[in-house]
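Thank you all for coming. I would like to walk through one model with you, slowly, and I will say how each term is defined as we reach it.

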There are 2 protein chains.
Amino acid sequence: MAGLSERILAGDNLALARLLTLLENGDDVGTEALDRLFTNTGRAWITGITGPPGGGKSTLVNELIRQYRSAGLSVAVVAVDPSSPLTGGATLGDRIRMTEWHSDPGVFIRSMASRQFGGGLAQNTLAVAHAFDAAGFDHILIETVGTGQDEVAIASLALTTLLVQVPGTGDGVQTLKAGALEIGDILVVTKSDRPEANELARDLRRLRTLVFEPVDDPDHWEAPVIKTSATTGEGIVDLVQAIEHHRQWLLTDNRIVRRRQIIASTEIATRVESGLRRRLLQRADEASRLDSLVDAVVSRELTAHRAAEQLLAGFGQENRQP
Amino acid sequence: MAGLSERILAGDNLALARLLTLLENGDDVGTEALDRLFTNTGRAWITGITGPPGGGKSTLVNELIRQYRSAGLSVAVVAVDPSSPLTGGATLGDRIRMTEWHSDPGVFIRSMASRQFGGGLAQNTLAVAHAFDAAGFDHILIETVGTGQDEVAIASLALTTLLVQVPGTGDGVQTLKAGALEIGDILVVTKSDRPEANELARDLRRLRTLVFEPVDDPDHWEAPVIKTSATTGEGIVDLVQAIEHHRQWLLTDNRIVRRRQIIASTEIATRVESGLRRRLLQRADEASRLDSLVDAVVSRELTAHRAAEQLLAGFGQENRQP
């Protein structure tokens, strides 16, 4: 397997597919290949696309692929689909999309089911994105359903994050969790040929004004609201320009270094936390023990301090190898 | 010190003050006293009050004390003030307040400076609240400035949380972070005699509609917007009623059990996390090591996976006492 990373650097998509599977399975061979490849990462632009199910994210991603391809740029997609564990994450839409781009080596689409939880998905998604990055793809699109904590977290690990909202679902921006708005560098109203699109765009602008920081901070990026329609073709070019605009903004005054530090910190922290959690869970029936400890605190049998002490007993004491 | 908990149960406020200091300092004697007292907790109603600095929270708390006292109920206040580390958390307003209620044994006010960070403050605040609870106070008010992550977290550990907003600061609800709105069980517009109060109340109602869950969920509590004025006396009685209304709602269908489980889980998790963090930091210059690891990831020298491995090396391996 020593040749895996070399084959990937040489543009071998089959070797890349093999690595992705290894990474998804947490296989050491994959981790070691990524170690060798990691120095070749950092060149791709990573865009996260998040929003509610049925929001037209897949169509939007497809339109973005088309734009980038016509500009001669290669595109890799990580599609995280928590709603279809049975199909291993590959929805019908994904399959159609994969078929469309199947013969184009400049497009690589990988679906991942969010069977894992507790940060595992975020780790694997980023590992896959690093692999795409090393393989030389110009653009990496991470598509997630913006409902769970995990999915929002994944999108916020991108350099540019699109928050997608769809008009005419009856509840408008009500499905938008307040915390989600803050991670959107660009707010996208899809299916803008629908009559409710203008109202939604107006609501989003108003919501942005209401909840965002005052705009006189030079390091404040005011998220543009872009309306797109796959039917009429409206807004796709604007969206590509908005992503480029945000990219240029991040590249100004070294803002991107700060962003990359935040992403790296978050990625390390996620792995440390899941490592700690795994070590805790490795202890006999730790999970059910946590439940019973919570109940013991609620019924005032012991304090949270003592419950934490029980969970931490003997944990993390110095026993490093010399 | 064996008599400390007994003296507190007997209503000795000097013993209570002594325990609070022990708890704030993380002293084992305090922890052990709280162990003995904990079975006497769970009777007080804990209300969190959070909002921006200068939002009239202290005045509001004072009005609430007055209302509860005139109804014959005892009140304890934990005032967390991150802005005044030099005075140990006791601001001028606190001192005036303390003087006003000094001779009333049914009122106990404790100021805490948020010198600690990383969950330490949340732990100490809750420990102090538990002590007040055991001492038999009917109402416990936790007052925090709703800016930092910590302060918001503290307020969300209450049974009822008031989110305070003040009109006429020029930026209206702009200072309100989106995530903060979700923790408010009651939205309070203070200084309602100001001309901008109605507009702010309207904005808050609109924002609530925009970002909250659809209201057809039977377990959805629609946060009321209450306008209060210390000058005209408007709204204080309404606010007391709204707190009581929320209390009754939580007591219906056992919702309070779920709420208490969430609070207990959060309290345990906070303590476990800070315990883990402390163990990590106990290692030689772990903090600066984290910074250099982040930089190593940003400069592509090693993956986040390896950075996390280095931080976790030898950590949490089974070495329990038999």
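What you see is a predicted model, in which local features need pLDDT of at least 70 and side-chain atom pairs count only at pLDDT 80 or more, while totals for chains, interfaces and linings use all residues. Residues are numbered from 1 along each chain as its sequence is written, chains are lettered from A and ligands numbered from 1 in the order in which they are written, and side-chain values use heavy atoms, with hydrogens and water left out.

On confidence, the predictor assigns the complex an ipTM of 0.73 and a pTM of 0.63. Helices here are DSSP runs (H or I, at least four residues), numbered from the N terminus. Confidence in chain A is lowest in helix α7 (residues 149-155), with a mean of 60, and highest in helix α10 (residues 236-251), at 97. Over residues 83-90 of chain A the pLDDT is below 50, although this stretch has 18 contacts in the model beyond near neighbours in sequence, a contact being heavy atoms within 4.5 Å.

Let us turn to a pair of helices in chain A. The axes of α2(A) (residues 13-24) and α3(A) (residues 28-37) come within 7 Å and cross at roughly 120 degrees, where axes are lines fitted to C-alpha atoms, for helices over the stretch in contact, and angles run from 0 to 180 degrees between N-to-C directions. α2(A) and α3(A) are therefore oblique to each other, since angles under 35 degrees count as roughly parallel, over 145 as roughly antiparallel, 65 to 115 as roughly perpendicular and the rest as oblique. On the α2(A) side, Leu19(A), Leu22(A) and Leu23(A) meet residues of α3(A), among them Val29(A), Ala33(A) and Leu37(A).

In chain B, the axes of α2(B) (residues 13-24) and α3(B) (residues 28-37) come within 7 Å and cross at roughly 120 degrees, which makes α2(B) oblique to α3(B).

Technical notes:
pLDDT is the predictor's confidence in each residue, from 0 to 100. Helices (H or I, at least four residues) and strands (E, at least two) are DSSP runs, numbered from the N terminus.
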